[in-house]
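Reader: I would like to learn how to read the inside of a protein model. Could you take me through it step by step?

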Amino acid sequence: MTDASSSVDVSGGAGAPPRRHRLRAAGSYLGLTPFAIYVLLFLAIPTTLAVSTGFFTEDGTLTLDNVTGLFAPNVLAAFGASFFVSAVTAVVGAIVGALVCYALLGLRPDGAVRSFIDSASSVLAQFGGVMLAFAFIALMGGQGLLTLFLKDQLGINIYENGNWLYQVPGLLPVYLYFQVPLMVITFMPALQGLKLTWAEANATLGGTRLTYWTRIAIPVLAPSFLGSLLLLFANAFSSYATAAALISQGAQIVPLQIRAALVSETVLGRENMAGALALGMVVVMVVVMWGYSVLQTRTSRWQR
C-alpha cells in the first residue's frame, strides 16, 4: 500500500513548480539586481527628475508654460537642426557602413585585416566628445593641416563662404566619424546571417545574382538595415559633448538648448525649460527606439 504522504507535492500545492525551480528563478532575478540598481540610479531617476521639472516653475508651482515653450520659433528651429543633422549622418553613415560590411564579407573572419577593421570600428564608434572636436579642429579648422594644404597647394579655400565647421553643417563630417563605425558593428551580424543555402537555392532555380539580391537578400536585410539606421539617428540626436566643444556660441541643436537653459546668464528664470526640452527629446527617442525594437524583432526571425 502506497504511503499517502509520499504523494504530497513538497512545493506546497498541486500543480505548483518544485521548490528548487522557484529558488533557481529567484537566483536569476537576484543576479540582475546590480544592473537594476544601476539603471535606476543613473537612468530612471535622472530621466524622471529632468522631465518632471518641465511641469513646474522655479517656486514649485505646477505649470504648462515650459511645455508650450517647446513651440517657440527658436526651439522648433533647434529641433529642426537636430533632425537634419541626425537624419543626414544616419543615412550617409548607414549607406557607407553597409558598403564597408559588404566589402568585409570577402575577407576571412579570422584574418588580420578583418580583425583590425572590427577592432577599429569598436574603438572609433565610441570616440567622441572634446577629443574628436579637437581632432577635427586640428585637421579642418581655420589653421588646420588639411585646410592649409588645400589652400596653399591646390588653391582651394574650404571656408570661402564662412567658417562652417563651428556651425550646424560642421557637425556632419564630425558625426560621420563615429556613425560609420557604429553601422559596421550593428549591421555586420545581419550580413553574416545570410545563409549560403539561399544563394544555392536561387542558383538551382535559375536565378541570377541580381535576383538573389533583389528578391532574397535585400528583403531579408531591410529590417536590420532600417533598424541600424534608426539606431544611428538616435545616436546623433542625443550626442552633446562633441557639439558643445565645436559650437561654443549659440544653441543651434536641442542638447545645446538644454545647456543654454541651465547655464545661460542672459535668460534667467527659465531653468525648468530644460526639463521640457528633455521631455521633447525623450518622446523622440522613445518613438525611434520603439521602431528599432520592432525592426530587430523582424530581423531575428531570419537569424534563427
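Reader: Which helices each supply at least two residues of the lining of the second largest cavity?

Author: First the general idea: on a 1 Å grid over the protein atoms alone, a cavity is a set of points where a 1.4 Å probe fits but cannot get out, and lining residues have an atom within 4 Å of a point. Helices are DSSP runs (H or I, at least four residues), numbered from the N terminus. Here, α4 (73-104), α8 (171-192) and α10 (209-237) each supply at least two lining residues, and α4 gives the most, with three. The lining includes Ser-82, Leu-171 and Phe-237.

Author: A word on the source: this is a predicted model, where local features need pLDDT of at least 70, side-chain atom pairs count only at pLDDT 80 or more, and totals for chains, interfaces and linings use all residues. Residues are numbered from 1 along each chain as its sequence is written, and side-chain values use heavy atoms, leaving out hydrogens and water.

Reader: How many residues of that lining are nonpolar, polar and charged?

Author: Ala, Val, Leu, Ile, Met, Phe, Trp, Tyr, Cys and Pro count as nonpolar, Asp, Glu, Lys and Arg as charged, and the others, Gly among them, as polar. In the second largest cavity, the lining has seven nonpolar residues, two polar and no charged.

Reader: Is Gln-179 buried or exposed?

Author: Buried means under 20% relative accessible area, exposed over 50%, and partly exposed in between (1.4 Å probe, protein chains only). Gln-179, found in helix α8, is buried, with a relative accessible area of 0%. Contact means heavy atoms within 4.5 Å. Leaving aside residues up to four places away in sequence, Gln-179 touches Thr-89, Ala-90, Leu-232, Asn-235 and Ala-236.

Reader: How many aromatic pairs are there?

Author: Rings of Phe, Tyr and Trp (its six-membered ring) pair if their centres lie within 6.5 Å; planes under 30 degrees apart count as stacked, over 60 as edge-to-face and the rest as tilted. By this rule there are 10 aromatic pairs. One of them is tilted: Phe-83 and Phe-237, at 5.5 Å centre to centre with 50° between the planes. This pair links helix α4, which holds Phe-83, to helix α10, which holds Phe-237, 154 residues apart. Phe-83 is partly exposed at 36% relative accessibility, whereas Phe-237 is buried at 1%.

Reader: Why is the pair of Phe-187 and Phe-225 edge-to-face?

Author: Their planes are at 80°, with ring centres 5.8 Å apart, so the pair is edge-to-face.

Terms used:
1 Å grid on protein atoms, 1.4 Å probe; cavity = no way out; pocket = protein on both sides within 12 Å on 5 of 7 lines; lining within 4 Å.
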